Amino acid sequence: MIPRLRFILPLIAVAAFAFSDPARVETDSYRSDQRIARITWKAACRISKYDCPYKSPKVRRSAILGEQGIRGAYWAGSPVVWLDKPVHGTQLWLTIFHEQVHYIQTANGVGDDWGRLLSCMMEREALDFTNAYALELKAPGYVRTLKVWRSLYNCDPATSLGTGMDGNEDTYFHR
Ligand SMILES: [Zn+2]
């Protein structure tokens, strides 16, 4: 009896794995992302003080972001913010929040042609607002410094003058 039970148990484990539907897992994760997004959306509207006439943008994930070395992205005019696949925990909340700030900025007409200077201003706002939210979440370890802002978005006037700050690169999306 015991040897037979030993044989059956691994079979059950394999069967359970085979019946777990990857599409269903995807759906659960998707729903969880939208639930978090509805919470961070209210915080983004409140902290940014911009008008928030629209519903929270949908959140979708793509591994292509990670391949590009970025966690989140937002394209002007889109009702969707994008996240890299493995983003989770506090980083997930803050990344959705950050991209939602870009959604709110463009919805308020701050800019839809993202030249370097405007891009740096928008990223600076997003940085300040996201830092404020990190402190609200009692996660000071996620606060980003201005040094990070300068290097991550190429926003250092000393090194970007004539090349970056007043140039027109990276106008396609915000990360
Ligand atoms: Zn950004």
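1. The sheet. Three strands form an open sheet in the order β1-β3-β2, with mixed pairing. Because β1 (58-61) and β2 (72-74) stand at the edges with a single partner strand each, one side of each has no neighbour in the sheet. Neighbouring strands are turned against each other by 25° on average, direction ignored. Two strands count as paired if DSSP finds at least two bridges between them. Strands are DSSP runs of E with at least two residues, helices are runs of H or I with at least four, and both are numbered from the N terminus.

2. Basis. This is a predicted model, in which local features need pLDDT of at least 70, side-chain atom pairs count only at pLDDT 80 or more, and totals for chains, interfaces and linings use all residues. Residues are numbered from 1 along each chain as its sequence is written.

3. The β1 and β3 pair. β1 runs parallel to β3 (residues 80-83), and four bridges join them. R61 has L83 of β3 as its bridge partner.

4. Helix over sheet. Helix α4 (residues 89-107) lies across β1, β2 and β3, at about 15° to β2. Axes are lines fitted to C-alpha atoms, for helices over the stretch in contact, and angles run from 0 to 180 degrees between N-to-C directions. I96 is in contact with I36, A37, T40, V59, V81 and L83, leaving aside neighbours within four places in sequence. Contact means C-beta atoms, placed from the backbone, within 7 Å.

5. The core. The largest nonpolar core has 21 residues, of which A44, V81, I96, F97 and V101 touch the most other members. At least two residues come from each of α2 (22-48), β2, β3, α4 and α5. α4 gives the largest share, eight residues. Such a core is a set of buried Ala, Val, Leu, Ile, Met, Phe, Trp, Tyr and Cys residues joined through C-beta atoms within 7 Å. Buried means 20 or more other C-beta atoms within 10 Å of the residue's own, with C-beta atoms placed from the backbone.

6. Helix α5. The 21 residues of α5 (residues 116-136) should span 30 Å at 1.5 Å a residue, and the end C-alpha atoms are 30 Å apart, which agrees. The expected span is 1.5 Å times one less than the number of residues. Buried positions in α5 include R116, E123 and F129. K138 follows α5 and has a positive phi, near 55°.

7. Whole chain. The chain has seven helices and three strands. Of its 175 residues, 25% count as buried.

Technical notes: Buried ≥ 20, exposed ≤ 12 C-beta atoms within 10 Å, placed from the backbone. Contact = placed C-beta atoms within 7 Å.
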